[in-house]
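Colleague: Thanks for sitting down with me. Could you walk me through this model, starting from the ligand?

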Amino acid sequence: MPDVIVIGAGAAGLMCAIEAGKRGRSVLVLEREDKIGKKIRISGGGRCNFTNRDSNAKNFLSENLHFCKSALAQYSPQDFIALVESHGIAYHEKKLGQLFCDKTSEEIIRMLEEECRCAKVEIKTSCEVKHLAKNGERFTFVTNKGEFESESLVIATGGLSIPQMGATDFGYKIAKQFGLGVVACRPALVPFLWNPHDLKAYVELSGVSVDAKVRCNDHEFRENILFTHRGLSGPAILQISSYWKNDGIIFIDLLPESDAMDSLVAGCNKGSDLVTVLSKFLPKRVVQKWVAENVPAKTFSHCTGKDLKAIADKLHRWKITPAGTEGYGKAEVTVGGVNTDEFSSKTMECKKVQGLFFIGEALDVTGHLGGHNFQWAWSSGFAAGRAA
Ligand code: FDA
């Protein structure tokens, strides 16, 4: 009978199992899929963006923005980098502190497997937990591979994104079973879908990307946006999608580096045409479509100062009303989850159910794009592993 049962062999569950095992606790990990770490394998385009050098509380969304601080302080990006280096895994910084394996994300999975072996962690794959309960001091489990018992229980079953890879709402159901709150969930780090009018207008731009500043609900990101055949994607769009609530508007600054009004006035005075002026800053295809959709048909040289100001404002505040997002099937993460109010931020243990821990994406803590979600998995897993 193990001391600790961890449900879910993703990033958080494995890290927790390793730390608990190192403390001499006997640990059993139950994983419903036939392989461990399926999301690690596909992450970062197969190279796993395993952390971000600069990960801190500002990179996370949660109803309680302070909750992640203690775990991130206990196990920082530098701690995970040291682990990666101790296994001789070569890595590089792609941009903005984002660290990726040079070769493949399989190396991270092998590293976690090796650490599990050293810590004598037992892992059962293709083992789905159907029900569990707390009977006195112990947790009891019914699975498709028999019944188990443990003293501590760690729920590391992740969020709802990519159901085709084993994502389930199991963690939320267990939270409700124990009377814990769940913050409403929505897909995040996910592409937007055009509304029907914009789909017609911009579908031909599919594949083009531009540097832009994207804003929604008082949050702003500056990186590329990518036109797709269904809507908008690219890093700036994925980031802002985490803050977008159905029916909201997003604003795109297509000329984040320059003052559109200055360029328009100069171009107008020279007698240039609008497409030529804007094509100095943006791909011509984008300019042609954008002008056709957003600028009233009027000869550029006849534009008044007021007309130019209206065009400049639109370039800096292009208003998009997406029809929706691509949903959990394409989302990297889930915003929302088990309410952190019910947990110790130091140990991840539930305040009202002794021995019950929640970690990783199952909790209401969601990172920005760029390695922050894995860092949360490592940090919260470590914190729980020290206490479970
Ligand atoms: P995770 O979802 O990884 O693991 C949960 C596990 O629980 C799964 O293995 C599941 O099968 C298992 N499970 C569920 N229900 C169960 C049950 N009833 N019984 C037994 N087992 C059960 N992040 C990042 O920082 N850098 C990156 O490069 C990427 N890239 C990326 C790409 C793609 C395509 C996606 C979808 C996501 C990312 N992410 C990412 C996000 C990152 O993958 C994610 O935040 C973490 O994997 C979350 O780790 P968890 O361990 O919390 O859950």
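This is a predicted model: local features need pLDDT of at least 70, side-chain atom pairs count only at pLDDT 80 or more; totals for chains, interfaces and linings use all residues.

Colleague: Which residues come nearest to the ligand?

Modeller: Let's begin with the shell, which has 33 residues around the ligand. By class it holds 13 nonpolar, 13 polar and seven charged residues. The ones that come nearest are Ala12, Glu31, Asn49, Glu361 and Phe374.

Colleague: Which helix supplies the largest share of that shell?

Modeller: Three helices each supply at least two residues of the shell: helix 1 (11-22), helix 2 (38-42) and helix 13 (372-385). The largest share is three residues, and the helix that gives them is helix 13.

Colleague: How much of the ligand's accessible area does the protein cover?

Modeller: A polar side-chain atom of Thr168 sits 3.0 Å from a nitrogen atom of the ligand, while a backbone N or O atom of Gly44 is 3.1 Å from a ligand oxygen atom. A polar backbone atom of Phe374 also lies 2.8 Å from an oxygen atom of the ligand. On its own the ligand has 1000 Å² of accessible area, and the share that the protein covers is 94%.

Colleague: Turning to the sheet of three strands, why is one side of strand 8 and of strand 10 left without a neighbour?

Modeller: This open sheet has the order 8-9-10, with antiparallel pairing. Strand 8 and strand 10 (146-150) are at the edges, so each has a single partner strand. As for twist, the average from one strand to the next is 20 degrees. The reason you asked for is thus their place in the sheet: strand 8 and strand 10 stand at the edges.

Colleague: Which residue in the turn between strand 8 and strand 9 has a positive phi?

Modeller: Strand 8 (residues 129-135) and strand 9 (residues 138-143) pair antiparallel over six bridges, and Ala133 has Thr140 of strand 9 as its bridge partner. The two strands form a hairpin with two residues between them. The residue in the turn with a positive phi, about 65 degrees, is Gly136.

Colleague: What is the bridge partner of Phe139 in strand 10?

Modeller: Strand 9 and strand 10 run antiparallel and are joined by five bridges. In strand 10, the partner of Phe139 is Ser150.

Colleague: Which are the edge strands of the sheet of seven?

Modeller: The order of this open sheet is 18-17-14-15-16-13-19, with antiparallel pairing. Two strands pair on one side only, and these edge strands are strand 18 (318-320) and strand 19 (324-325).

Colleague: Which residue in strand 17 does Lys213 stand opposite, and at about what angle does helix 12 run to that strand?

Modeller: Strand 14 (residues 209-216) pairs with strand 17 (residues 250-253) over three bridges, in the antiparallel sense. There, Lys213 stands opposite Asp253. Helix 12 (residues 305-316) lies across strand 17 and strand 18, and its angle to strand 17 is about 110 degrees.

Definitions and conventions. Residues are numbered from 1 along each chain as its sequence is written. Side-chain values use heavy atoms; hydrogens and water are left out. Two strands pair if DSSP finds at least two bridges between them. Helices (H or I, at least four residues) and strands (E, at least two) are DSSP runs, numbered from the N terminus. Contact means heavy atoms within 4.5 Å. Axes are lines fitted to C-alpha atoms, for helices over the stretch in contact, and angles run from 0 to 180 degrees between N-to-C directions. A residue is near a molecule or strand if one of its heavy atoms lies within 4 Å of it. A polar contact is a pair of N or O atoms within 3.5 Å; within protein, one must be able to donate a hydrogen and the other to accept it, and residues adjacent in sequence count only if both atoms are side-chain atoms. Accessible areas come from the Shrake-Rupley method with a 1.4 Å probe; for residues, only the protein chains shown count as cover. Ala, Val, Leu, Ile, Met, Phe, Trp, Tyr, Cys and Pro count as nonpolar, Asp, Glu, Lys and Arg as charged, and the others, Gly among them, as polar.
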